[in-house]
Amino acid sequence: MEKIPTDIYQCIDNELYNDKKNQWWHDDSPLFVLWCSFNPTRINYLRKTLHKENSIDPQGKIALDIGCGGGFLSEELARMGFSVTGIDPSVQSIQTAINHSLANGLQIEYLLGTGEALPCPDSSIDFVFCCDVLEHVRDLPKVISEISRVLKPGGIFFWDTINRTFLSKLIAINILQDWKLWAVAPTNLHVWEMFIKPRELRSLLEVNNLAWRDHIGLMPNIAFPAVLGYLRKKVKGELSFKEFGQKVWMVESKITNIMYMGVAIKQP
Ligand SMILES: C[S@@+](CC[C@H](N)C(=O)[O-])C[C@H]1O[C@@H](n2cnc3c(N)ncnc32)[C@H](O)[C@@H]1O
C-alpha cells in the first residue's frame, strides 16, 4: 500500500475531532458510540489475547495508544494496570483526554503527535494500540513502520479497522454518512478509499517484521433491519448516542467484510 493521494486524503474530515461540539464523553456525542459499542468488545478480545499469549500480566506493561482521541481506550488500559501513553494530533481531543483522566484519578500521559512520527525511542513499548485510527491516517506504511520501530521484540500490536468492501461502503458510508433516513455519523468521518483490506494490512505488517497472529471480524449484535430501526430513531431524536449504543454494539464474528480486529507480534 502507498501513502494516500492528496485528492483522497483531503476528503476525510480529521478536523472534526477539534470541534467542541463533538465532545468525546458527552452522552449524545457521535464519538461516544466508540465507548459504548466498541470498547467493551476490544477489551474482551484483549483479555483473551493476554491469556493466549502465556497469560501476560498487564501490570506495569508499557502501552502506547495511537490516535487516543478523548481517551476511551487509554482509560480502560490504565484501569487494567498498563502504564499508558496516548497520542493524538487533535489538540482539543488531547485536552479532553487530560481533563477526563485527571477528573477520574487516572495516571495517563497524553501527548500531541501522529502515528507517522511517534515520540518514542526504538524498542521501548510492550503494547501498541491503534483502534479505529489506521483508516484515518495519511501515510499507513509509515505508521506501521513506526509501530514496528517502537515495539520491543515480542511486543504486541493490537488494531481494529474497517475493511474496503461493497458492504463497508453500503454501511459505513452510504447508510451512516450519506443517506438522510439513517445518517447519524458526521459527514466525511470516513472515506471509503482509505479503508484497508486485511491482506493489504497483513503484507505491510510482514515487511515490517510484525507477524500476523490472529484476527476476527466485528458485526453488530442484532440483525441489520433492527439496526436500521434504531438509526432511524436516532435521526428522529428519539435516542441519545448513549441509548443507541446500549442497544447496538459490535460483537466478534467470522465475517470480516465490514470491520476486523487483530494482533501481530514484533519479531526479534
Ligand atoms: C475515530 S477516532 C478513534 C479514537 C480512539 N482510538 C477510540 O477508538 O476511542 C480517530 C482518531 O485518530 C486520530 N488521528 C487522525 N490522524 C491521525 C494520525 N495521523 N496519527 C494518529 N492519530 C490520528 C484523530 O484525531 C482521532 O482522535
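Which residues in helix 2 meet which residues in helix 3? Keep that in mind; the tour ends there.

**Whole chain.** This is a predicted model. Start with the protein chain in cartoon: nine helices and eight strands are there. Along the principal axes, its C-alpha atoms fill a box of roughly 50 × 40 × 35 Å. The radius of gyration is 18 Å, which agrees with the value near 18 Å for a compact globule because the chain has 268 residues. Color by burial next: buried residues make up 40% of the 268. Then draw contacts between residues at least 6 apart in sequence; 76% of these join residues at least 24 apart.

**Core.** Nonpolar side chains tend to be buried together in soluble globular proteins. Here, the largest nonpolar core holds 70 residues. Select Phe 127, Val 128, Phe 129, Cys 130, Phe 157 and Phe 158, which touch the most other members. Helix 2, residues 32-52, gives this core its largest share, seven residues. Now center on Phe 158. Beyond its neighbours within four places in sequence, Phe 158 is in contact with Leu 46, Phe 127, Phe 129 and Val 263.

**Helix pair.** The crossing is right-handed.

Finally, show side chains for the opening question. From helix 2, pick Leu 34, Trp 35, Asn 39, Arg 42 and Ile 43. They meet Phe 72, Leu 73 and Glu 76 in helix 3.

Terms used: Residues are numbered from 1 along each chain as its sequence is written. This is a predicted model: local features need pLDDT of at least 70, side-chain atom pairs count only at pLDDT 80 or more; totals for chains, interfaces and linings use all residues. Helices (H or I, at least four residues) and strands (E, at least two) are DSSP runs, numbered from the N terminus. The radius of gyration is taken over C-alpha atoms; the globule rule is 2.2 Å times the number of residues to the power 0.38. A residue is buried if 20 or more other C-beta atoms lie within 10 Å of its own, exposed if 12 or fewer, and partly exposed in between; C-beta atoms are placed from the backbone. Two residues are in contact if their C-beta atoms, placed from the backbone, lie within 7 Å. A nonpolar core is a set of buried Ala, Val, Leu, Ile, Met, Phe, Trp, Tyr and Cys residues joined through C-beta atoms within 7 Å. A crossing is left-handed if the near helix is turned anticlockwise from the far one by less than a right angle, and right-handed if clockwise.
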